[in-house]
Structure formats: structure tokens, C-alpha cells
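Reader: I would like to go through this model and ask what stands behind each term used for it.
Author: Then take the terms one at a time, with the structure in view.

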Amino acid sequence: MAKKTNNTRKNNQEESTLTLMKNFFTNERTRFISGLILSILTVYAGLALISFFFTGAADQSKIENLPLSNLAVYKGSVDNWTGVRGAYLANLLMNRWFGVSSFMLLYFFGSAGAKLMNFKRISIIKRLLFSASLLIWGSLFFAFVFIKGYEDSFIYLGGQHGYYLSELLVNNIGIPGILLFLAGTGLIIAILSSRQTIPFLRRVFTFDWVKNPFKKQRPANDDLSKNTTPPEDTKEEEIYATEEEEDEDEKEFVVTLAPDEEEYDSDIPPVKPIKNPPPEEKDNAGFGPIEVPAGDDEVYDASELEDYDPKLDLSGFRQPTVELLKKYNNSDHQVDMEEQTANQKRIKQTLENFGISIASIKATVGPTITLYEVVPDAGVRIAKIRNLEDDIALSLAALGIRIIAPMPGKGTIGIEVPNKDPQIVSMQSVIASRKFQECKYELPVTLGKTITNEIFMFDLCKMPHLLVAGATGQGKSVGLNAIITSLLYKKHPSELKFVLIDPKMVEFSIYGEIERHYLAKLPDADKPIITDFTKVIQTLNSLCKEMDDRYILLEKAHTRNITEYNVKFISRHLNPNKGHKYMPYIVVIIDEYGDLIMTAGKEIELPIARIAQKARAIGIHMIIATQRPSTNIITGTIKANFPARVAFRVQSMIDSRTILDSPGANQLIGRGDLLFSQGNETTRVQCAFVDTPEVEKISEFIGNQAGYPTAFELPEYYGEGDGSAPGAVDLSDKDPLFDEAARLIVMQQQGSTSSIQRKFSIGYNRAGRLMDQLEAAGVVGPSEGSKARQVLIQDEYSLEQLLNNLK
């Protein structure tokens with residue numbers, strides 16, 4: 001009896017415990033807090049995954065194959081927005097597990113959190129099955145589609161799960177089989193997820209959507225779905241009913257067709273049914289056809305005209321042929337395996353001498369540089385290897401050793417070593433390459449080949465401006481010729497114009513023959529290549545005026561950039577009688593920018609900065625080159641507006657930091673060896689060699705063809721240094737510094753051109769122009785030779801009255 005009592009008491013205690021646990025987990029507060037915690041963790045994981053797309057390459061080398069217990073070592077050193085834990089979680093989900101489809105895990109846990117907080121009524125089992133099926137299907141899909149991109153990317157879009165599953169299926173059922181498998185399983189998931197899938201597929205395969213795209217499938221139990229034809233008068237009444245009656249009908253129509261969530265259990269909300277308006281009501285809600293108001297840019301009648309062809313004026317123009325470029329025979333060049341093996345041994349031995357053991361080393365041979373990728377053993381500090389740069393160079397007896405630790409997105413350490421027998425990368429080889437011939441860039445530029453022997457190209461429109469720097473004789477001029485040659489081989493004269501500024505007078509003179517095809521200049525300029533610094537200032541200010549004029553046309557055409565504008569103009573949606581015209585790209589190339597800055601200072605820098613800040617959208621792009629990469633030449637204003645940089649070899653690390661914001665250019669080997677930097681990414685490239693005779697042949701080939709009557713004329717610019725007499729000065733176009741210069745002279749009661757030049761840091765020509773304007777306005781008297789000019793206004797009050805009258 002006592003035993004039975006004890007058993008009963010024990011059962012009651014267990015039931016009481018279960019009841020307490022049940023009450024605890026079914027309590028509203030407990031559920032809400034649990035759902036809130038789950039939602040916060042889901043948001044955290046989502047931020048980690050999103051950040052992975054932007055920071056995963058930088059973080060991968062730190063967290064790849066790292067045990068969870070060692071994460072604290074990299075605390076604060078990762079770039080992921082959610083810290084080292086988030087970086088580890090994102091890498092785990094993206095690369096090791098399911099890839100991009102890992103977001104379906106967040107979808108499920110977010111739904112579970114919403115259900116626990118009682119925000120949404122859902123079936124958690126059905127949501128789990130839906131998320132799990134899409135998780136697996138999406139992983140396989142992304143892995144199969146992007147399987148070729150796994151070698152060079154830091155992210156596995158399908159994760160390792162999708163990668164191995166895709167490999168397994170391809171080997172067993174082949175590519176057609178996996179395509180059918182993906183299509184079939186995708187349809188099955190869609191059918192099980194929503195009851196609207198099968199009616200939709202029926203409409204698609206019976207082409208019913210072509211006949212009536214607004215037709216809505218109704219539930220089988222709806223009376224409206226009966227196969228009955230309403231009388232004609234009913235149709236008329238429905239179409240031409242009053243607005244109030246239409247609203248009521250629409251409400252009833254929506255209520256009848258709205259699917260119940262429990263009945264359909266679809267994760268995609270049903271599309272609200274749309275009633276077909278009569279043809280005359282589709283355009284303007286029953287108020288007649290829409291009329292386009294007449295304005296400055298109304299569409300003119302061009303219905304009988306074909307699209308405008310900007311190439312029509314020079315329809316017979318032929319691009320330069322590849323045969324004009326010299327072909328270097330590098331086909332018999334073989335990789336020196338002895339040199340490669342010896343270097344690998346020396347690198348390994350040097351590292352071991354300093355107590356650094358490595359797991360593996362492999363070599364990638366380029367035209368002038370061989371990249372050795374080293375995988376150190378676990379626990380080796382990267383900084384320790386980076387500090388051995390000079391020791392490795394000594395053991396290899398080579399110059400130009402560069403260590404990349406770690407290599408972005410690879411989890412290895414790169415050691416770049418010059419080849420003993422470097423190859424010449426010819427311009428012919430890169431121009432004739434399939435990558436260049438088939439590229440669709442707006443302004444394609446090919447610089448040469450990377451250290452992996454790949455053609456290196458970029459779109460100048462995307463840069464949008466380029467800064468080129470390097471010491472004398474390191475390949476800078478050849479690099480500029482390679483850029484110009486790339487564009488000449490791709491763009492028609494109607495699509496591209498060059499403004500070539502050459503203070504040295506010898507670098508760009510060979511392009512004089514293409515004046516009537518590709519060059520742009522001021523209307524009164526005698527020479528197509530601008531060499532005089534006074535003309536340089538006028539040209540740059542003229543380009544600013546061209547930029548402003550183009551922006552006005554873009555505003556009138558309601559377009560945002562030159563591409564949209566030209567598409568509209570070619571399709572004859574813009575009226576030439578309203579001032580619209582086809583806009584070619586304009587590429588401004590300045591050689592030896594440092595010499596111009598030392599001569600004219602801010603008169604050069606300010607218009608360049610203004611063009612660099614605003615001109616991208618209207619198709620004006622700048623390339624400036626200098627052999628003096630010092631901070632007084634490459635100022636902060638220039639660096640801020642020239643995000644893309646090309647650095648040839650320089651003498652010091654300071655110069656390299658001035659150009660690239662990082663060392664490296666001082667370790668190049670010269671002869672066209674360069675670093676291309678855009679943002680945080682730096683690429684080592686061997687510049688393609690194009691010799692002066694090759695450029696002359698190209699210019700002669702173009703110059704011998706029919707061209708335009710004149711070069712492309714830039715807008716006239718009436719600025720400083722135009723040589724006008726003081727009495728002919730137009731005060732309606734005063735210098736922006738006019739008021740400040742007048743106040744300075746009246747305050748000091750002494751007027752001289754040199755004082756204005758020193759005070760405002762401007763060139764002598766502009767200061768002289770200002771003095772002419774001040775004389776015409778009556779602030780100072782005429783010039784008296786070497787004496788200072790007489791100041792005609794004695795007090796500031798009189799000056800302010802004069803300035804107000806002039807305004």
C-alpha cells in the first residue's frame with residue numbers, strides 16, 4: 001500500500017513538473033521574449049552575411065580553417081560589420097555550408113520569431129519544409145551555374161554543399177540531366193508551396209496570358225467561375241458604370257477572389273486582381289487619351305525617319321588594322337623550370353632559416369614576374385614573413401621582390417620575383433586578343449598583361465579619371481600611348497575626341513595627323529596639340545564650359561548621363577532645332593602635369609578639379625601624368641577626384657605612398673612594370689610596349705582617310721590673358737576675385753599686378769586681367785611703367801557703392 005502511495009506521489013510530481021514547464025513555455029511573455037531573441041539573432045546573422053559580400057575577401061585569410069576556440073586572436077582585426085564571430089558565422093554559412101541560399105535559414109528563423117511573438121499566423125512545419133527545400137535547391141542551383149567561378153573568388157555562391165552535390169550529379173547524370181533535375185524539383189517546390197502554381201502553368205502552356213494578360217484564375221467554388229456568358233448589356237453596364245459603382249464592384253470582386261491563408265498556405269501573397277478598363281480608359285483613367293504638353297523638348301515628328309547614325313559622315317572610315325603593330329615572336333618561349341624550382345627552394349630555405357615552416361609553395365609564371373604563393377603552417381604570424389622581404393631578395397639575388405601578405409581572397413602569401421629572361425608584352429598581342437576584340441566597354445583600355453598572363457583591361461568610363469605617375473624612363477609615356485592606341489582601335493571618330501596637352505612639346509606631336517578625326521581644340525588654336533600653358537588654361541576652362549553646356553542639354557532631355565542622352569538622340573526623341581546634338585566622349589590627356597602646376601598653380605588645378613568632380617556623367621574623362629609624384633604636385637584635391645591610379649617605378653616609398661597610398665611602386669623593376677590601383681585593389685601589370693614607329697603608322701593610317709573639315713571645336717572661352725586693351729574690357733564677365741581684389745587695393749591704397757598675384761596665389765596673366773578690369777571700373781588708374789598704379793577710390797564706402805552699381 002505504501003509502495004503504491006509512493007508511486008502515485010512520484011507520478012504527481014512528474015505531472016506537476018511537466019505542467020510547470022508547459023505553462024512556462026506557453027506563457028505569452030516567455031514566447032514573446034524567445035521570439036524577440038530569435039529575431040535579434042536572425043538580424044545579426046543577416047548583417048554578417050550581407051557584410052560578407054563586401055568584407056569576405058579581406059577576412060577570409062584570417063578566419064579560414066580557424067578553430068572556433070581561437071577566434072579571440074583576431075578580435076578587432078576583421079572588417080566584417082559584426083565582428084570576428086559574425087565573420088566566422090558568415091564564412092561558415094556561405095562557403096562551407098549552403099552559399100547564398102543560407103538566407104533561407106534566416107527566413108525560417110525570422111518566421112519562427114514572428115510566430116513566437118504572435119505577429120503572424122503561420123504553419124511552422126510547412127514553413128520549415130518550404131525553407132529546407134529551397135535551401136537545398138538553391139545551393140545546388142547556384143553551385144551548378146557558377147561552378148566555373150570558384151577558382152578566382154573568395155565566395156562559393158552555392159557553398160561546399162552545393163559544389164560537391166553538383167559535381168556528384170554532373171558525373172552521374174550529366175549537364176542535361178542536372179538541368180532537368182533542377183527544373184523538375186523547382187516546379188515541384190512551387191506546386192507544393194502554392195495552389196496558384198498549377199493554374200498559372202496552365203495559362204502559360206495554353207498561351208492564355210497572351211490573349212488576356214489580366215485574366216485571374218478563380219477558386220473552383222466561386223460562382224463567378226461557372227462557364228456562363230453574361231449578356232451583352234451586362235458587359236456594357238460593367239464597363240461604363242459610374243466611378244462609385246466600379247469601386248463597389250471591385251471590392252466585391254477582390255473579396256470573392258482573395259485566397260485564405262490557411263487554404264492556400266502560400267509564402268507569396270496573391271496578386272490583386274485587376275479589372276480591364278476599356279481601351280480609351282487605359283491611358284488616362286476614363287478622361288480621354290493622354291496628351292503630352294508642348295515644351296522645350298517635345299518629341300518632334302520623326303516617324304518617317306530612321307535612327308540617327310553618328311558614323312554616317314565618315315561611313316567609309318576604317319579602324320586601324322592589327323598589322324600596323326609589330327609582332328614579337330614569343331611563341332617559342334618556354335618556362336624555365338630550373339629557375340622556378342631553384343627559387344622555390346631558396347624561398348623555403350630562407351623562411352626555414354628564420355624559423356618559419358611552410359606547408360606548400362606553388363608558382364605562377366607571368367611575362368616578367370613569377371608569383372610564388374606560400375601557405376605557411378598554422379600559427380605563423382604574417383608580419384614575420386612580411387619583414388623578411390630584403391632577406392628573400394638577397395637569397396634570390398634579385399631586385400623588385402614584393403611580398404603580398406596575405407593575398408586577397410586566397411588565404412596565401414604571395415612573393416613576386418622578377419624573371420631572369422623577361423618577355424616583351426607587345427601591343428599587337430593585347431589588341432589582337434579575343435578579350436579586347438569582343439569587349440563591350442564604352443571606353444575600353446588595355447594596359448598589358450598581369451602576372452598570370454591574362455589581358456588586363458578596364459573601362460575608362462567606370463574609373464572615371466586616371467592618375468599616372470612614375471620616374472623618368474620607367475614607361476610612363478609608353479603607357480599613355482597604349483591607352484590612346486586602345487581607344488583608337490575601338491572607337492569611331494564620331495564617338496570619341498581627344499584633348500592632348502603636352503608641355504614638353506614632343507610626346508604627343510605624332511598624333512597631329514589625326515586632328516580632323518579624333519582631336520578637339522579651341523576655335524582659334526593653331527596647333528592641334530596644346531603646348532603653351534596659356535592655351536592650356538583657356539582649354540581647361542573651355543572644357544568646363546562644355547561640361548556646363550552638356551549638363552543643360554541633359555536637363556532639358558530629362559536624362560541622367562551621356563549614354564541615356566545619346567540613345568534618345570539616336571532614336572530621334574530629341575529635336576536638333578532645340579539645340580540638341582550627338583555628344584562624343586572627350587578624353588583629356590595631360591602629360592607632365594607637374595610642370596603645369598609649377599608654372600600656373602591653381603589656375604590649372606581648379607578647372608581640373610572641377611572637371612574631375614562633375615564631368616563623369618557627361619562623358620568627359622581626364623588622364624593626368626607626372627614624373628614628380630610629390631605632395632605639392634599631387635595634392636589632396638587631385639587624389640580625391642582621381643580614384644584610379646597607375647604607378648610605374650618610383651625612387652622612394654614616400655613617392656609610392658603619394659600615388660597609391662601604399663608602398664610597392666618603389667619595388668617595381670621598371671621597363672613598363674606597373675601597379676594599377678582602384679579603391680583597395682592593386683594589380684601588378686606589365687605594360688604593353690608600343691613603339692614610336694607603330695604609333696606613327698597608326699596616325700598615318702587614320703590621317704590618310706577622309707576626315708571632318710576641322711577638328712572638334714570646343715566652346716570659345718573669354719578669360720584672362722586674351723590680350724584685349726583696357727578700354728575693351730567687358731565688365732559683365734568679371735573675374736570671380738574682382739570684388740576681393742578691389743577691396744584689397746583700396747584697403748592698402750596701392751595697386752600692382754604682383755601684389756594681386758601673391759595675395760590670391762594666381763598666375764600673372766590672370767592677375768593682369770584683374771588689373772585691367774579694375775582699371776576699366778575706375779578703381780585704379782592706368783599703368784605708369786614700373787610704378788604702382790594710382791588708386792582712384794579712397795574709402796571702402798565709396799568702393800561698396802561702385803561694386804553695387806556694377807552688379
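**Terms and what stands behind them**

Author: Strand 5 (residues 444–450) is largely enclosed by the rest of the structure, because 6 of its 7 residues are buried. Buried means under 20% relative accessible area, exposed over 50%, and partly exposed in between, with a 1.4 Å probe and protein chains only. Helices (H or I, at least four residues) and strands (E, at least two) are DSSP runs, numbered from the N terminus.

Reader: What kind of model is this, and how are residues numbered?

Author: The model is predicted: local features need pLDDT of at least 70, side-chain atom pairs count only at pLDDT 80 or more, and totals for chains, interfaces and linings use all residues. Residues are numbered from 1 along each chain as its sequence is written, and side-chain values use heavy atoms, with hydrogens and water left out.

Reader: How many helices and strands does the protein have, and what share of its residues is buried?

Author: There are 29 helices and 15 strands. Of the 807 residues, 44% are buried. Among contacts with a separation of 6 or more, 67% are between residues 24 or more positions apart; contact means heavy atoms within 4.5 Å.

Reader: What makes strand 5 and strand 6 a pair?

Author: Two strands pair if DSSP finds at least two bridges between them. Strand 5 and strand 6 (residues 455–459) have 5 bridges and run antiparallel, and therefore meet that definition. Lysine 449 has isoleucine 455 of strand 6 as its bridge partner. The two strands form a hairpin with 4 residues between them, and asparagine 453 in the turn has a positive phi of about 70°. Strand 5 also pairs with strand 14 (residues 681–687), antiparallel and over 3 bridges. There, glycine 448 stands opposite cysteine 687.

Reader: Why are strand 1 and strand 3 called edge strands?

Author: They belong to an open sheet of 4 strands in the order 1-2-4-3, paired antiparallel. Strand 1 (358–365) and strand 3 (402–404) each have a single partner strand, so one side of each is left without a neighbour in the sheet. The average twist from one strand to the next is 20°. Helix 12 (residues 337–353) packs on this sheet, where it touches strand 1, strand 2 (369–376) and strand 4, and its direction makes about 145° with that of strand 1. Strand 3 pairs with strand 4 (residues 413–418) over 3 bridges in the antiparallel sense, and isoleucine 403 has isoleucine 415 as its bridge partner.

Reader: How do you know that helix 26 is roughly perpendicular to helix 28?

Author: The axes of helix 26 (residues 738–748) and helix 28 (residues 764–777) come within 10 Å and cross at roughly 75°. That value makes the helices roughly perpendicular, a term for angles of 65 to 115 degrees; under 35 counts as roughly parallel, over 145 as roughly antiparallel and the rest as oblique. Axes are lines fitted to C-alpha atoms, for helices over the stretch in contact, and angles run from 0 to 180 degrees between N-to-C directions. Helix 26 contributes Phe738, Ala741, Ala742 and Ile745 to the contact, and helix 28 contributes Leu770, Met771, Gln773, Leu774 and Ala777. These residues divide into 8 nonpolar, 1 polar and no charged.

Reader: Why do the buried residues of helix 21 line one face?

Author: The buried residues of helix 21 (residues 593–600) are Tyr593, Gly594, Leu596, Ile597 and Ala600. Down the helix axis they fall within an arc of 160°, so they line one face; the arc is that of the directions from the axis to the C-beta atoms. They pack against several elements, including helix 19 (533–557), strand 10 (585–590) and helix 22 (602–614).

Reader: Why does aspartate 655 count as buried?

Author: Its relative accessibility is 19%, and the cut-off for buried is under 20%. Aspartate 655 is found in helix 24 (residues 653–660) and touches Pro629 and Val650, not counting residues up to four places away in sequence.

Reader: Is arginine 671 buried or exposed?

Author: Arginine 671 is exposed, with a relative accessible area of 74%. It has a positive phi of about 55° although it is not a glycine, and is found in the loop between helix 24 and strand 13 (673–678).

Methods:
Ala, Val, Leu, Ile, Met, Phe, Trp, Tyr, Cys and Pro count as nonpolar, Asp, Glu, Lys and Arg as charged, and the others, Gly among them, as polar.
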